[in-house]
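Have a look at the sequence and the fold, then read on.

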Amino acid sequence: MADLTTRIAGIKSPNPFWLASAPPTDKEYNVVRAFKAGWGGVVWKTLGEDPPIVNTSSRYGGLSYKGNRVAGFTNIELITDRPLELNLREIKQVKRDWPDRALIVSLMVPCEEEAWKRILRRVEETGADGVELNFGCPHGMSERGMGAAVGQVPDYVEMVTRWCKQHTRMPVIVKLTPNVASILAPARAAVRGGADAVSLINTINSIIAVDLDRMAPIPVVDGKGTHGGYCGPAVKPVALHMVAEIARDPECRNIPIAGIGGIESWRDAAEFMALGAGAVQVCTAAMHYGFRIVGDMIDGLGRWMDGKSYPRLDAFRGKAVPNVTDWQFLNLNYQIVARIDQDLCVKCGLCHIACEDTAHQAIAASRSGGERRYEVVDQECVGCNLCLYVCPVEDCITMVRLDQDKGHLDWTRHPNNPLRKAAE
Amino acid sequence: MTKQGPGVQPDIAAGRLEPEAYRAHFADVHPPLAREAALVEANRCYFCYDAPCIEACPTGIDIPQFIRQIATENLAGSGRTILEANIFGGSCARVCPTEVLCEAACVRVAQEGKPVAIGRLQRYATDPLLEEGRHPFARAPRTGKRVAVVGGGPAGLSCAHRLALLGHDVTVFEARERLGGLNEYGVAEYKVPGHFARNEIDFILGIGGIELSTGKALGRDLELSALRRGFDAVFLGMGLAGVNALDAPGEDLKGVMNAVDYIAELRQAASFAGLPVGRRVVVIGGGNTAIDIAVQTRRLGAEDVTLVYRRGPEAMSATAHEQEFAQINGVKIKHWARPLRLTGSNGHVAEAAFEYTRLVNGKLAGTGESFALPADMVFKAIGQVFVADPLREDASEPLELEDGRIHTDEEGRTSLAGVWAGGDCTARGEDLTVQAVEDGKRAALSIDRALRR
Ligand SMILES: Cc1cc2nc3c(=O)[nH]c(=O)nc-3n(C[C@H](O)[C@H](O)[C@H](O)COP(=O)(O)OP(=O)(O)OC[C@H]3O[C@@H](n4cnc5c(N)ncnc54)[C@H](O)[C@@H]3O)c2cc1C
Ligand SMILES: Cc1cc2nc3c(=O)[nH]c(=O)nc-3n(C[C@H](O)[C@H](O)[C@H](O)COP(=O)(O)O)c2cc1C
Ligand code: SF4
């Protein structure tokens, strides 16, 4: 089986599956159960200065989509609500008992050098493998000048990262908030500050739903609610994009990336890695199903790598990055059209009505002898893929390529582009 | 085992089972869906364009729409979508052979062999409306037109409801004491347990504008010519009042009964434990009535129930699903045999003899070989027939028949001006509740057009 050993920012773990800093890594009891289940590493639930914060009762909200629970998830929790001393004692014990696993400690303290220095010294004493700076928490902490309030200001990100690098020997991972216009600004700042790695994404500012009886956002706390941090399967696309942006940005200089956001299976993890992530972190999926999901993550990733003859993670890490480009470089001569396999078609008519009402009137509906028939009109089909995605039958609609030997023509040279480059 | 042959007393007894067994045997065969299950099932629907299921429903219910309304938890809207097309949507959710109607057409059958459970979802959507009891439709302004409806079964009441909705005043003449037709007297108890059929009719009558005249039979207490004179239009929904004869010796022995008569008794019984049932029951026929009597006598405690049909399984008008249901209930189905004679002692049946059959040049023929089944009760379930006598009073202007039933055009118009007909008594369509409802609705719309002309 393929070798899943992971090394990122100088931190080793037997596999790339870590638990993200969150309730699953809140205390020794959970973390030990996670390690027993096979997780390669954990990022301990974020520590802060004493006295500990206080959490609300009614903290989570879930988004069900057509009967599927927790397609998206939100929370209004803050950092750990346990005393610092207790956490540090447990961290030390766990690291001693589980030396082969990665144990990273997430931190969030006020934006003052002394505060960071103080806590870093204490974490170092535990023997932890590294620290992760929580610049991402979108609620509760940013109002106190921490978390996303720092993560949204690149200068602060750089400054705090630099302090931390100065005051500890431990590797420093900077966790990024997605609640920014461009992820590159804080990512580059972290790189400038000397970060050993970045991890992303933290949760997205959101109101997951409104309770129409109580007329309040969910989760409702005694009649009121507040914006929470959105996560779970629904946020994966946002996270993938941000990871790819950093991976292909020259100024980020190939900084190691821990991918986070909606990861539930080995396949999700492989996608993050293909876009450059060296390790992944999981929260919602573990909260949904328990720690045992890691079994198939390890097994499935290994088998997939074997099938593709990737002996190590590095063999495919970042392999999709060169194929992520800007729109202007896409080949406008490339032309595909839909094909409907009439033997597989179940006559639901969804491709027709979607194309007819909202796209290009390229799927004709007809009846012969009472039998429904849906057929693509090649001249009208622009190859948008809409029908492919609404069709409920696998492989019934495929897209076939029609442009033969037309060569590459992108927007930079397209005749319709007033700013086009002259042909060579 | 005691050996019983001719000359021995028939073993017919009531109260063969414990009280709980009766309760269990005649409770809902398909319990209602719980909310979670309904949501999951509703989300299996693709919301097809030009959906085949709609076309397969005789009443044309907008099935994808009502299922979507379940999925969005707009249950009241969903129930209304159903009842707009089919006011007996609650009954139909329970009694329709969906496996040969909407669910057979569901595209998921082609895809994965498992249709969306349309029938059970329909029940999920209509139950709350019926339980709440508030009638969801309001009558149009009164037209002052009066329509007579003969027969208070699904066809008659569907017609009456639609006419009332459109503003006409309706009088329903029903021969029996109770409305409902075969919904009340025929359909298997476990499909519509308790007083579902009655409650549904109360709900339907909630529209207002429908006057009831029960215990009034056309041909006995009323004449068609008088109705035609006294009302602006007449709708006939009389169902099938007669049953086919076996034409085999011994048919008049005691213990030989029409299945529909016994079922009617069962449906009206105050207590199932009080119904005498034979230990060995033989059922002759191949339709749903045969299945229903076979299963219900088994469930009353009959030990051996054998259903004998003269052709193969595919020729039975009972659906494959119904046949399987009978078998699961311990009914033995024997194909390819026809009744020769019934014999008995002291005037009571004791044995039913059959001859094996086969097809010869596409025609059914006896093989000459035979067998006999001991029987304490024999049920005839070989089809019902229309009885035209009540309509024959006016020979100068006879009502045209077709295959022994009333001839109508697509809108339900008969050969007599101002007279419409629908349901089992007409030659069109299958003998199904849902078809009767559609016939009644369609005739009402036709009557409405005629009266507004
Ligand atoms: C045993 C049995 C089980 C069945 N099970 C099912 C099933 O599971 N699913 C299904 O879809 N269908 C089933 N059917 C068929 C279904 O019940 C009928 O197709 C449906 O009831 C027809 O409705 P209708 O209104 O035309 O006739 P009916 O329901 O027969 O109603 C006719 C009404 O007219 C009245 N009437 C008759 N003559 C006169 C007269 N001269 N004057 C006044 N009133 C009169 C009758 O008393 C009756 O109330 C079953 C039928 C039987 C016999
Ligand atoms: C194929 C596609 C093309 C879109 N094009 C535009 C656009 O040209 N301009 C725009 O403002 N939004 C555009 N949008 C965004 C939509 O208007 C809408 O804001 C977005 O899809 C979110 O809504 P929804 O997910 O609820 O449908 C587009 C969306 C889709 C799916
Ligand atoms: S055919 Fe099936 S999937 Fe399509 S609309 Fe009807 S119930 Fe839904």
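## Ground rules

This is a predicted model, so local features need pLDDT of at least 70 and side-chain atom pairs count only at pLDDT 80 or more, while totals for chains, interfaces and linings use all residues. Residues are numbered from 1 along each chain as its sequence is written, chains are lettered from A and ligands numbered from 1 in the order in which they are written, and side-chain values use heavy atoms, with hydrogens and water left out.

## Chain A overall

Chain A has 12 helices and 20 strands (DSSP runs numbered from the N terminus: H or I of at least four residues for helices, E of at least two for strands). Its radius of gyration is 24 Å, close to the 22 Å that the globule rule gives for 424 residues, so chain A is as compact as a globular protein of that length. That radius is taken over C-alpha atoms, and the rule is 2.2 Å times the number of residues to the power 0.38.

Of those 424 residues, 53% count as buried (under 20% relative accessible area; exposed is over 50%, partly exposed in between, with a 1.4 Å probe and protein chains only). On the charge side, chain A carries 48 positive and 50 negative side chains, and the centres of the two sets sit 3 Å apart. Here Lys and Arg count as positive and Asp and Glu as negative, without His and the chain ends; each charge is placed at NZ of Lys, CZ of Arg, CG of Asp or CD of Glu.

## Where A meets B

Chain A puts 15 residues into the contact and chain B 13 (heavy atoms within 4.5 Å). About 1200 Å² is buried between the two chains, 54% of it from carbon and sulfur atoms; that is accessible area (1.4 Å probe) lost on putting the two parts together, summed over both. A:K66, A:V346 and A:R372 supply 36% of what chain A buries against chain B, more than any other three residues.

Most residues other than glycine have a negative phi, and most peptide bonds are trans. The bond from A:I218 to A:P219 is cis, with omega near 0 degrees, and A:P219 is in the loop between β13 and β14 of chain A. Another cis bond runs from A:L200 to A:I201, with omega near 15 degrees.

A:V70 has a positive phi, near 50 degrees; this residue is in strand β6 of chain A and is buried at 17% relative accessible area. B:D403 also has phi near 50 degrees, but B:D403 is exposed at 75%.
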